Amino acid sequence: MKKQSVVRGAAASPYLVWSLLFIVAPLLFVLWFAMTDRNGSFTFENLRSLTSYSQTFVMSVGFSLIATAICLIIGYPLAYCMSRASARARNILLVLLMLPMWISLLIRTYSLMALLDNGGLVSSFLVRLGFRKLTFIGTEGAVILGMIYDFLPYMVLPIYTSMTKLDVRYVEAAADLGCNGIRTMFKVIVPLTVPGIISGVTMVFVPSISTFYISQKLGGGSFDLIGDTIERQFQNAVTYHTGAAISLVMMILILISLAIMNKFSDGGEDIVV
Amino acid sequence: MKILSKTYMALIFLILYAPILVVILFSFNRSGSLSHFAGFSGKWYGELFRDGEALTALKNSLILAVVSSLAATILGTLAAYGIDRAKRKWMARAMESVSNIPMMNPDIVTGVSMMLLFVGVANVLRREPFLGVWTMIIAHTTFNLPYVILSVLPKFRQMDKSLTEAALDLGCPPVKTFFRVELPYLVPGIVSGLMMSFTLSLDDFVISHFVSSPDFRTLPLYIYNQTAHEVKFSMYALCTLMIFVILGLLIAVNLAGSMGERRQRRKAGGK
Amino acid sequence: MMKRILSVLLLSAMAAVFCLSLASCGKNAGSTPAQGKQETLYVYNWGEYISDGFDGTVNVNKEFEKYCREELGRNVKVNYSTFSSNEDMYAKVSSGAAIYDVLIPSDYMIQRMIAEGRLRPLNMEVMENYRYISDDFKGENVYYEPQDGNTYSIPYFYGMIGVIYNSAIVEEDEEAIGSWKLMFDPETDYRGDILQFNNSRDAFGTALYYLGYDVNEATEAQWREALDLLKGQKEIVQGYVMDEIFNKMKSGSAAIAAYYAGDFLSMYEDNDDLAFFYPKEGTNSYVDAMCVPSNAYSPELAELYINFMCRPDIAFANAAYTYYASPLDLDYIETDGEYLEELAEYRAVMEEVHEDAMEILYGDMASGVPSSAYLNLSDERLTLLNDLWEELKVESSIGRGIYILCGIILAALIALAVYHIVRRRRWAKLYD
C-alpha cells in the first residue's frame, strides 16, 4: 500500500511543479511588479496612479455589461428556438453555432470591420438606399456590436445545453396546471436554465472586458478599454509596473464578480424544486 | 410560432455569417477591393502559396499545437490521477482550483503574467530574455492543462475503483495497473482533452501576443501583424481556407458522431 | 466510434505536421548545399518599408541571402520583422523582449538610443558602399549623432510628413487645404473621415506644428495646449492608426490623414483620387537609418547587411518599391557611371507613379515649407509626453445613452438580486 501511494504522489508531482512554476509564480510576478517601482523598491504608487484610469474602468465595465445584456436578450430566445427544433435540425444548427466559435476572433473582427467601414458594403448599400452617409467605425456602438458579434455563440451554447438537459415533464406539468406560455417561460424554464445563463454571462463578460483587438479595429483606437491600456503598457511603452497594477486590479475585479455570480447560480436551482 | 422562431433563427445566423461570407466571396475578387466585386479569380490563393511567411506561420502553428497539446495531455492526465487519488481532500481541492486559474483569468492577464515571469526571471539571472519557441510551448501547455484535467477528471471519478483494487490484489504492480486497467477506460476523456487543447492552441492569439518573439510566429500572430499593416488580399484567401478546414472538421466530427449513434442504436435494436 | 474517428483525425493532423516540417527541412537542405552552419540575421524595420518581392519586385532580403551564399559562401537566413512606430520598437528592444541585429528607427530614436548606450559604433571599413550616400547625411549633417568620431547609423530613407486627402470626398474649394487646419477644424464637414497618428511623437507633432510651437523646445504649457487641441480633435477623428491607413485611404474609408510622403505615392498608385500637400505651418522631416544594437548576436553580419542595402541597385529597387526618398547621391552616381541603368529605371518608375513624384520627394515642393526634425527629448519631457499621451488615449467622451443603458442594466441586476433574496427568505419561512 505504501508503494502505491508513493506512485500516486509521484504521478501528480510533475503537474504540481509545473503549476507552481507557470501558474502561481507568474501571478506572484504580477503582484511583485505592481508593488515595486523601476528600481525594485516597494511602492503603492502604481496602484495609486490607477485613479487616472477610472474612466477606462467605468467605460470597459459599461461596454461589456451592455454587450452581455444584449447577448443574453438575443441569445436566450435563440437557444430556446434551437432546443425546440427537430433532432436533425438541431445537429445542423449546432454546427452552425459552433463554427464561428472555432474561427479565429481576429478574422471575425476584421471581417466585421471591413463590412462596416465607411465605403464598405453596408455603408455603400445604405447610401444607395438614400440614407445620409453614416460612420460606424470609431463609435461606441461599433465596439459594443463587435463584442456582441464575437461572443454571442458563447452565450447561446451553454444556455442551449442546459435547455436540452431540461426535463420536458416540468414544462408539461406547468401547462397541465394551467400555466400559460409566458408564465411557464419565466416560472419554469428560466429558473431551470440559470446555470446555463450564468456560464453564458461569464463567457461573454470576461473576454469583453479584457479585449483589445475589438476596440483597436472597430473603435479605431478612440476608446481605450482596460485591455488596450494593458496592451499599450507592455507593447508600446515600457511601463510594466503600471501595466501589472492594472492587470492585478482587473483580475481581482473579475474574480470577485465570478464569485458573486456563483452564489447566484447556487441559489438558482433550488427555487423551483 | 414555428415560422416566427424559424425567421428569428435565420436572421441571427445570417447576421452571424454575413461578414464571414463577405470575406469568402471577396477572397475570389479579381481586384483588391472589399466593396465592389470585379469578377472571379484565384490569384490571391496563388499569392498566398508563394508567401513563405504565411507557410512558415502555418508550420509553426501546427508544431506548437501538437507539442503543447501532447505535453498538456500527459501532464493533465497524471494530474487528474493525482487529484482523484489524493489522500488529503484539501490538497485535491487546492490543486483543482489552481488548475482553474488560467481558465477563469482573462487571456490578457495570463499572457501578461507569463511575460512578466519570463522577463523577471531573465532580469534576476541578468540575462537577455528568451522569448521564443520555448516560452510559447510553456505558455500553451499551461493554458491547455485545465481543459485536459476538466475532461479527464470526470472519467477518473466515474471509474469503478473495485477494478483497480482487484488488479492490485491480484498482484499487478500499480504502474502496470494504470496502463492495463485504468488507461483504456480513460481514453475517450484523454482524446477529447487532446482535441480541445489542440484547437485551443491553434486558435490562441492573446497569450501568444505577449510571450512570442519574431523568431516564432504562429498563424494568428501572422494575421494580427497583417491587419496592423497594409492588408494583402492573400490574407482573405488564408482566412477562407482556414474557415473551410474548420467547417470540414466540424462536419466530419458531427457525421462520425451521428453515424456512431445510429450504429449503436442498430446494435441495441438487434439485441 | 466517434472517438475513434476523432483520434484518426488528430493523428492525421500530427502526421501532416511532421510531413510539413520534414518537407521544409528537406527543402532547406536542398537549396543550400553543405555550406556550413546556418546563420540568422534578425532585422527589425518599419512595416511596408522594404521591397519584399510582392508582384514581381525584387525581394531584397532574399537577394541578401543569395549574395551571402554566392559571393561570401555563407549560409545566412534573414529573419525580418516589422514595427509600426519608434515607440513600439523601443519598447520591444529596451525591455529585451527580443534581440535584433539591425534596427531601422528614426532620427530622434537613434539619438535617444545612442545616449542610452544601446547602439554600437559601426565598423566603417566594410562600408564600401557608403561613398554613394549623399553628403547631406554625413558628418556634421547627421544631427542625431553625437559627433564623437564614430558613426552609429547609415541612412535608409528620408522624407517629410504631409497631409493626404481624398479629392473625391474633400471639396476642391475647401479653404483648409494646404494647412493643418484640415485635420483639426472642430466645425469640419469630414467628421469621422479623419485619421490621426497612433504614436505620441507624431500625433503631438501635428498639433504643435498647427499651433506654431517648436516641436523640440515647447514648454510644458505649450505641450498641454497641444493636448487640448488633440482632445478636441478626438471628437472628429475616425481613429488612431499607423499602417492601417493604407487600406483605409485607398478604399475611401477615410478621407484625410497625415502620413509620410512616400506612402502617399504608394496609396496614390491604387487610388488616383488622393492628393497631397505639405502644410504651410511647417512639418516634420526625418531620416530613418540603419543601426546595430549593442547586444546584437552578429554585428559583423549586420554590417554586411547595412552595406548591402546601400548598394545602388539594391537601394534603387527598394526606393522604387517603397517610394520613399533615397539618401543616395544621385549626382555622384551619374558621374560614377556604374549604376546609370538602375538610376534611369528608378526615375522612370517614379515618373510613372505620379507625375510630380520626384518633385514631392526631392524637389521644390518639399523645400517650399518650413520643416524641422524631431530631436530626442529630455527625460522630463519624455515622461510628460508619455503622460499626456496616456491622458489623450484615456479621454473619451462616450454618449450619454451608454451611461443610461448601463444604469438600467445595473438597476435591473440589483432588483433581481433583491427579489431573489426576498423570495428565498419567504420560502425559508414557509418551510420552517
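Chain A holds 13 helices and zero strands, where helices (H or I, at least four residues) and strands (E, at least two) are DSSP runs numbered from the N terminus. The model is predicted: local features need pLDDT of at least 70, side-chain atom pairs count only at pLDDT 80 or more, and totals for chains, interfaces and linings use all residues. Residues are numbered from 1 along each chain as its sequence is written, while chains are lettered from A and ligands numbered from 1 in the order in which they are written.

With a radius of gyration of 23 Å, well over the 19 Å from the globule rule for 273 residues, chain A is more spread out than a compact globule; the radius is taken over C-alpha atoms, and the rule is 2.2 Å times the number of residues to the power 0.38. The C-alpha trace of chain A spans about 80 × 70 × 30 Å along its principal axes.

| Part of chain B | Mean pLDDT |
|---|---|
| Chain B | 86 |
| Helix α11 (residues 234-270), lowest | 78 |
| Helix α9 (residues 206-211), highest | 93 |

In chain B, 95% of residues reach 70 or more.

Which residues touch the most other members of the largest nonpolar core? Of its 267 residues, they are B:Leu116, C:Val102, C:Ile256, C:Ala257 and C:Tyr305. Such a core joins buried Ala, Val, Leu, Ile, Met, Phe, Trp, Tyr and Cys residues through C-beta atoms within 7 Å, buried meaning that 20 or more other C-beta atoms lie within 10 Å of a residue's own, with C-beta atoms placed from the backbone. Helix α3 (residues 52-85) of chain B gives the largest share of this core, 15 residues.

Conventions:
pLDDT is the predictor's confidence in each residue, from 0 to 100. A residue is buried if 20 or more other C-beta atoms lie within 10 Å of its own, exposed if 12 or fewer, and partly exposed in between; C-beta atoms are placed from the backbone.
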